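Colleague: I am new to this structure and would like to go through it step by step. Could we begin with the terms and then turn to the residues?

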Amino acid sequence: MARTKRTAAELFDEAERNGASKSADEAGVNGDMVMSKIEPGTTIKYDRMLDLWDEHELRNPGASPSDLKAAKYFMYKCCEIWKAGKPDFSMHTACQRWTEFGAGLKRRPGNEKIPGEVSQSVRNYIKGSITKKLGLSQARREQHFLTLPHFVILIKHMWQKDWHRYHHPGTMVLDHAAYMLFIYTSARVGDIFESSMRRGSVRGLLYSDVVFVVFKNEAGRAEIAVRATRDAKGFTNKPHKRPQHAMYEDMEPLFANPVLPLLAIALANHAFQDYDTFEAIEAIPPREDGLLTYIRFKEEMQDVPFFQTLSSDGPTGQIQKADSFNNRSVHRGHRAGYEANITMHAVRREALVKADDHGYSTAERMKFAGHGNSKTFFGSYMPPISTVDGQSSYWNRPRRTDFLEGFRGLSLTYHPQMLRSLPAKVEADLQERSVFVTIDQEIKSLGEKIRALGSEREDRQERTRREELYWQKRQIMSEELSRWQEIQTRKVPSDPDGEDCAVAARSSWFHRVRWLDPPRDRLADILLVDSPLRSPQGREALECMITLCRENPTVAYRPSLRPTGGCCVISACAMKLDSLQPNRRWDHIYQCYQAELQKTDGFAELCFQCDTWVTAAAEWNDHCQNHLDDMDTLPVQFNPLTFRHTLAAAGQCLFCLFNRNLPSDRRFKQYLTKQHWIGHLQGHFQELQEKFQSDHGQDETKTQPCPDPRCALSFNTFSEFQCHCKDIHCIDRITIDTVKRCRRIKGSADEKDNFILFTECKTRRCSEQCLPDDQNDFVSKASSDVSLGTPVDAHIAVHVNPCLVMDQGEKAGLNCIDPRLREPVVCGTV
């Protein structure tokens, strides 16, 4: 029997009988306007402008935003405030904030929308009168395009040269995977990580947004593909239309393969339901019917962020913040030699331009970008350079486009020799300026007050003031560095890809410690290999990335001194190393192993450069002589360097190493502690200073060459030689107070005041570091040719060897290079 259609009255009556409301008041419905939902970050922007209006209204009773005069004065007053805080404040930013004010005011209960004629008039007032009176900047921020050559430079720097230490080494794998998603999907940074506009929303790329499949490719073989669904801007209320992007395994070289890092992250987190290893996934056969084999994630992983914040212990389960990733990317770009901030919007622009160049339709490009308006690309992403080849068009020749990408790349200035810190002489002169001396004196005075007060509550004001002074010091040094960067030579190096290129040579820290970090060591070599993922190199790269994601060893043992089962390698000892402090574990094995070899062979020495044990005195002398005969095996930096509580490089003496009158074993002597190394150098520098004073008393034109013949530099004064040692050989100047703390000073007080001693950089991490200009700038010169003063001429060629400056209040490790050696070097204790 057919169902009878009920009337509207019957539907209402039945609903009310079932408990439905009978009036608006009963349902809690009011007559207030309902606005669309906005993101938390947008609310913050609106509230910022509304707070300014509330204060303005208190100071100007009766003011109304609908009154043209009141609205114009409100924006004039705001622009005065913004201009005072930021001299280059932009007219365009002022117009944007006026728009935010109107949008926020409309959302306040009881307020009406600002009349259109008033809103437009105020906008014109900002662009005209306010801009002219207050001198607002009319310039827009330059659009940057991260072209393919720039991307390759960044990736090479990250894996082969970067000296930055992260809380967890897996951060490098996560960042590499994020780069793959940005360049292959044109994603905004907030599509993958939690945007600052969505703070607290836990929105970004989740495991439920990532799909791995195996399919049969055109060659009939199994291939892995991955699909990522972006949580794109503007798709909050229509998640079913969120952009999806498919990527595939067949891509070389390995660093360009998107499946590699994404698969490594998933395997490292044990995310797959049925597969725990790549071998198991690799064994999945392709379906003959053309369907895809879906590799499922565990149910409990569906709502877990794919990019999690990493602590020193591993993934925390919390989604990474977009600001955090952006900061890492910007600082990585600066370390690589880029002056501008490299953001992921530069990647997005280039990805969209490339898509347009490849002839995709407007609809396809809009879907790829996540745009809802076709005009967005031409208004915000299209580069200003025309793609029309006027020459070829006029002469009826084939169109050329090979140079256009290079012109887009000019939006990012890559400066391989860019100074990343002040030269030693400039830094020393800066510290003697009156403003610097005054700040140092006040900091010292505040330190004494803090120690006298003792209580944190009582000395809060003093500590705050001291932090302000430290900030002022960093600002002064930063401004001085900017001035030196502006006058620095920009000539093209003879070998842009070689080690004489300053930034390319800045791999010095990693160059010295890489063999203590096997996974990254291997990745630095094989990621640039043109090999597929299923090749031996590809499998090794995947395993190394998984290891980086899973492990963060406290101690990096030398290959020749690795423990057995967590115990000392000497069976007679077999001590559990976890019972020792991390900084004593490698030394315990070293001492035990050396004692055992001396017991059996009568002699034992470890060459820290070769990581080879020598068990005969004559053989050791020959080994030392072999190093001395081959200058390429000798270091340029001579300080002891530790990595993860293990000595990566022993200290050596700049003077003894090149003294042919000494026996080979004395010349090549290795110092395992900073104190012994400093104590040995003190006598050399005291003797050298006396020689400088004696020689100049007889002949003022006489110069003193550096003991290292590879430097080919001579110096007129002892202070210039000190700066050279700091810039090139990583031997830092220290004060007498520091030496007293090291308990290494001998002789009377008068003798102590007559000479300056040296030590290595005392920080526990290497950070912003810098290197000298290319090797063509280094020739045998008198010290007067290399001495530095205050920059005055924009055309001066800066022949300097930079050292490190303060990084957030801490002295960073020194990074330097002898360009004639073509050997990267770094100093500092990690």
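Modeller: A residue is called buried at under 20% relative accessible area, exposed at over 50%, and partly exposed in between, using a 1.4 Å probe and protein chains only. This is a predicted model, in which local features need pLDDT of at least 70 and side-chain atom pairs count only at pLDDT 80 or more, while totals for chains, interfaces and linings use all residues. Residues are numbered from 1 along each chain as its sequence is written, and side-chain values use heavy atoms, with hydrogens and water left out.

Colleague: Is Arg-400 buried, exposed or partly exposed, and what is its relative accessible area?

Modeller: Arg-400 meets Asp-402 in a salt bridge of 3.0 Å, N to O, a salt bridge being a side-chain nitrogen of Lys or Arg within 4 Å of a carboxyl oxygen of Asp or Glu. Asp-402 has a relative accessible area of 54% and is therefore exposed. For Arg-400 the class is partly exposed, because its relative accessible area is 48%.

Colleague: Which helix holds the Arg-408 that forms a salt bridge with Glu-350?

Modeller: The side chains of Glu-350 and Arg-408 come to 2.7 Å, N to O, in their salt bridge, and both residues are buried. Helices here are DSSP runs of H or I with at least four residues, strands are runs of E with at least two, and both are numbered from the N terminus. The pair ties together parts that are 58 residues apart in sequence, because Glu-350 lies in helix α13 (residues 344–357) and Arg-408 in helix α17 (residues 404–409).

Colleague: Which residues are linked with Glu-350 and Arg-408 in a network of salt bridges?

Modeller: By the salt-bridge rule the count comes to 39. In the network that holds Glu-350 and Arg-408, the other linked residues are Lys-354, Asp-357 and Glu-405.

Colleague: Is Glu-100 buried or exposed?

Modeller: Glu-100 forms a salt bridge with Arg-48, with the closest N and O atoms 3.1 Å apart. The pair links distant parts of the chain, 52 residues apart, with Glu-100 in helix α5 (residues 91–106) and Arg-48 in helix α3 (residues 40–59). Arg-48 is partly exposed, with a relative accessible area of 36%. Because its relative accessibility is 7%, Glu-100 counts as buried.

Colleague: Which residues have the most contacts inside the largest nonpolar core?

Modeller: A nonpolar core is a set of buried Ala, Val, Leu, Ile, Met, Phe, Trp, Tyr and Cys residues joined through side-chain atoms within 4.5 Å. The largest such core has 74 residues, and a second, separate core of 32 residues includes Leu-634, Cys-656, Leu-681 and Cys-725. Inside the largest core, the residues with the most contacts are Trp-159, Phe-182, Phe-212, Leu-263 and Phe-307.

Colleague: Which residues does Val-189 touch, not counting residues up to four places away in sequence?

Modeller: Val-189 lies in helix α9 (residues 189–192), and it counts as buried because its relative accessibility is 17%. With contact taken as heavy atoms within 4.5 Å, Val-189 touches Phe-182, Ala-322, Phe-325, Asn-326 and Met-344.

Colleague: Which elements do the buried residues of α22 pack against?

Modeller: Helix α22 covers residues 518–526, and its buried residues are Pro-519, Arg-520, Asp-521, Leu-523, Ala-524 and Ile-526. These buried residues pack against α7 (148–161), α8, α21 (508–513) and α23 (536–550).
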